[in-house]
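These are my notebook entries on one protein chain. I set down what I looked up, topic by topic.

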Amino acid sequence: QVQLVESGGGLVQAGGSLRLSCAYSGRTFRRYAMGWFCRAPGKEREFVGYISGSGGSTYYTESVKGRFTISRDNDKNTVYLQMNSLKPEDTAVYYCAAVLMGDSNYWTRASSYNYWGQGTQVTVSS
């Protein structure tokens, strides 16, 4: 019923930028809060950031504050992760996830999200 497809990953030098996109299909996009998570080699899936259904509220993990920005275009059914000042430690597979607004208040927890994309690889060279 809901499908998410990430794109925009690739190889970039430290200090560079990438913009990841997550295309949504299914039920009304604006009703879903969207999260970004990452999974680095040998590590557990970790929270990156969150944006509310309207786009009015965002929240980020401390390590990306001031460098990453989440936005959404509800007319295009797309959420974005703008990644600036990239560091080698940002290397990971990045996933977008969706949960219906009102179903959870624990936006930093992967278990709160009902739908997931396939992920896109981001590699940052030093």
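**Entry 1. Terms and basis.** I take two strands as paired if DSSP finds at least two bridges between them. Strands are DSSP runs (E, at least two residues) and helices likewise (H or I, at least four), numbered from the N terminus. I note that the model is predicted: local features need pLDDT of at least 70, side-chain atom pairs count only at pLDDT 80 or more, and totals for chains, interfaces and linings use all residues. Residues are numbered from 1 along each chain as its sequence is written, and side-chain values use heavy atoms, with hydrogens and water left out.

Entry 2. Four strands make an open sheet, ordered 1-3-8-7, with antiparallel pairing. Strand 1 (3-7) and strand 7 are the edge strands, each pairing on one side only. On average, neighbouring strands in this sheet are turned by 15 degrees against each other, direction ignored; the axes behind this angle are lines fitted to C-alpha atoms, for helices over the stretch in contact, and angles run from 0 to 180 degrees between N-to-C directions.

I then followed strand 8. Strand 3 (residues 18-25) pairs with strand 8 in the antiparallel sense over six bridges, and Cys22 stands opposite Val79. Strand 7 is also antiparallel to strand 8, joined by six bridges. Within that pairing, Arg72 has Val79 as its bridge partner, and Asp73 has Thr78.

**Entry 3. Positive phi values.** Strand 7 and strand 8 form a hairpin with four residues between them. Asn77 is partly exposed, its relative accessible area being 29%. A further case is Ser85, not a glycine, with a positive phi of about 50 degrees. Ser85 is placed in the loop between strand 8 and strand 9 and is partly exposed at 40% relative accessibility.

**Entry 4. Salt bridges.** I applied the rule of a side-chain nitrogen of Lys or Arg within 4 Å of a carboxyl oxygen of Asp or Glu. How many salt bridges result? The count comes to two.

One links Lys65 to Glu62, with the closest N and O atoms 3.2 Å apart. Lys65 is partly exposed at 43%, and Glu62 is exposed at 58%.

The other links Arg67 to Asp90, with the closest N and O atoms 2.8 Å apart. Arg67 sits in the loop between strand 6 (58-60) and strand 7 (68-73) and Asp90 in the loop between strand 8 (78-83) and strand 9 (92-100), so the pair ties together parts 23 residues apart in sequence. Both Arg67 and Asp90 are buried.

**Entry 5. Around Asp90.** The relative accessible area of Asp90 is 7%. A polar atom of the Asp90 side chain lies 2.8 Å from the backbone nitrogen of Lys87. Contact here means heavy atoms within 4.5 Å. Not counting residues up to four places away in sequence, Asp90 touches Arg67, Phe68, Ser85, Val122 and Val124.

**Entry 6. Ala40.** I found Ala40 in the loop between strand 4 (32-39) and strand 5 (46-51), buried at 18% relative accessibility. With residues up to four places away in sequence left out, Ala40 touches Thr91 and Ala92.

**Entry 7. Nonpolar cores.** A nonpolar core is a set of buried Ala, Val, Leu, Ile, Met, Phe, Trp, Tyr and Cys residues joined through side-chain atoms within 4.5 Å. Which residues have the most contacts inside the largest core? They are Leu4, Met34, Trp36, Leu81 and Tyr94, in a core of 30 residues. Strand 3, strand 4, strand 5, strand 7, strand 8, strand 9 and strand 11 (120-125) each supply at least two residues of this core. A second, separate core has nine residues, including Phe47, Tyr50, Trp107 and Ala110.

I also listed the neighbours of Tyr94. Not counting residues up to four places away in sequence, Tyr94 touches, among others, Leu20, Trp36, Val48, Phe68, Leu81 and Val122.

How values were computed. Buried means under 20% relative accessible area, exposed over 50%, partly exposed in between (1.4 Å probe, protein chains only). A polar contact is a pair of N or O atoms within 3.5 Å; within protein, one must be able to donate a hydrogen and the other to accept it, and residues adjacent in sequence count only if both atoms are side-chain atoms.
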